[in-house]
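Morning, everyone. I have one structure for you today.

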Amino acid sequence: MILAVRRLLAALTVMLAAAAYGEVYQEPSAFLAEVFGKTPPPKVLWLTKDLQAEAAAILGHPPVQLRQRYWSEGVKSVWILEETGKEEPITAGFVVAEGRIDHARVLVYRESRGQEVREAAFLKQFRNAKLAKDGALDRDIDGIVGATLSVGAMERMARLALFFDRASRR
Amino acid sequence: MSPRVLLLLFLRRWHMRIGLAAVVFFLFLAITGVVLNHSAELGLDTRYVHAAWLARWYGIPAEAPRHAFRSGRHDLIAANGRWMLDGRLSGERLPQPLGLVELPDMVVVASSASLYLYGKDGALIDHLERNALPAVPVQAIGAEERRLVLKTASGSFQTRDALSWKSAPRNGVAWSSPVDLSASDRQRYALLLEPGISVQRILLDVHSGRFAGRYGPLVMDLIAILIAVLSLSGVWLFFKRKHRRERH
């Protein structure tokens with residue numbers, strides 16, 4: 001009996017570990033190449049105490065790292081961010097131009113449910129979104145049944161990308 | 001007594017018995033269900049329970065640390081997906097490290113497919129995955145003239161900032177290599193680096209009954225059936241009583 005329990009739990013653990021690798025919809029390097037043609041060298045935004053505090057207010061938790069890599073050319077910048085939906089991080093790319101989101105894409109999705117956030121019908125809601133005065137998006141993002149937490153993570157990342165873009169241009 | 005009254009008495013008696021017998025399970029299901037619904041807000045997915053017996057129950061073999069990586073004043077010991085960098089735990093579900101290098105303004109830990117950059121105070125500066133590395137898998141990490149050097153099958157690469165990379169010379173690199181831990185250190189770090197299971201995972205398994213193994217979900221199914229029986233018998237008893245009151 002105990003052996004069977006342990007086998008079952010071990011199998012579940014292996015399944016969860018496999019899920020952690022996630023489904024790669026597009027390699028971040030391919031996303032960058034698609035946006036820029038020839039990818040410019042990465043730049044770095046150092047998260048000072050003030051930036052950390054504002055990023056924490058957006059995310060609902062402190063940012064996990066102190067520097068954020070990004071790529072920019074002219075008015076366009078690309079932010080590849082990670083945020084946890086329910087259990088696993090979602091990797092998404094945001095292209096920001098003139099303070100608005102040009103487009104967003106889910107690059108790696110690791111959760112077992114909620115993959116609908118990668119669909120164009122959902123992502124097009126972010127097009128032209130900008131930050132309102134209170135730091136929220138200037139529009140409501142329609143949720144997806146069964147993917148509430150992933151939708152929330154995408155919205156937080158969109159706000160963070162816009163905030164980081166603004167901070168990088170100060 | 002008429003058969004209808006007998007049935008009513010029978011139902012009422014069993015409604016009470018089932019309700020009393022199952023009250024603990026119902027409360028348990030309700031509480032764990034509510035907590036799970038708010039697991040993200042409560043941060044249950046980022047909280048881990050570290051206990052050897054729990055890992056054994058989950059069939060996760062506990063790995064004892066054997067080596068340490070040392071560079072300058074810094075050291076790293078790893079086991080069970082956990083790192084202890086300079087005596088401070090660095091997180092969960094981390095990869096197996098290949099080496100540790102101290103640079104003038106940061107400490108770098110490499111795994112075969114990622115780099116972790118820490119400040120001298122142990123704060124994570126950046127985490128680079130395979131896409132941000134010049135090549136993978138990383139075979140070794142070292143330092144040469146205050147530069148970080150990665151050895152890969154495609155050659156060696158050096159950087160000062162882990163942003164731009166160029167080919168590195170083959171010679172003069174001090175490669176990081178593991179140092180054996182003493183038996184007492186192994187024992188000490190084995191306790192500090194016990195494998196962990198997330199609280200959310202445990203609660204989910206307890207809620208669904210999977211924690212008790214193959215028959216656990218069947219027990220939970222039985223409880224669900226009891227809830228259905230209680231609901232239906234409750235509704236029936238309610239309408240029966242109402243009907244009798246109206247007749248009187």
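I will go from the overall layout of chain B down to a few backbone details.

First, a caution: this is a predicted model.

Next, secondary structure. Chain B has six helices and 16 strands. Its radius of gyration is 29 Å. The globule rule gives 18 Å for 248 residues, so chain B is more spread out than a compact globule. Along the principal axes, the C-alpha trace spans about 100 × 40 × 30 Å. Buried residues account for 22% of the 248.

What about contacts? Take those between residues at least 6 apart in sequence: in chain B, 54% of them join residues at least 24 apart.

Now the backbone. Most residues other than glycine have a negative phi, and most peptide bonds are trans. Here are some exceptions.

Which bond is cis? The one joining Val136(B) and Pro137(B), with omega about -5 degrees. Pro137(B) sits in the loop between strand S9 (124–128) and strand S10 (138–144).

Then positive phi. Asn80(B) has phi near 55 degrees. Its loop runs between strand S3 (74–79) and strand S4 (82–85). Glu145(B) has phi of about 50 degrees, in the loop between S10 and strand S11 (147–152).

Buried or exposed? Asn80(B) is buried, because 22 other C-beta atoms lie within 10 Å and the cut-off is 20 or more. Glu145(B) has 10, so it counts as exposed, the limit being 12 or fewer.

That's it from me.

How values were computed. Residues numbered from 1 in each chain as written. Chains lettered and ligands numbered in written order. Predicted model: local features only at pLDDT ≥ 70, side-chain atom pairs only at ≥ 80, totals over all residues. Helix = DSSP H or I, 4+ residues; strand = E, 2+ residues; numbered from the N terminus. Rg over C-alpha atoms; globule rule 2.2 N^0.38 Å. Contact = placed C-beta atoms within 7 Å.
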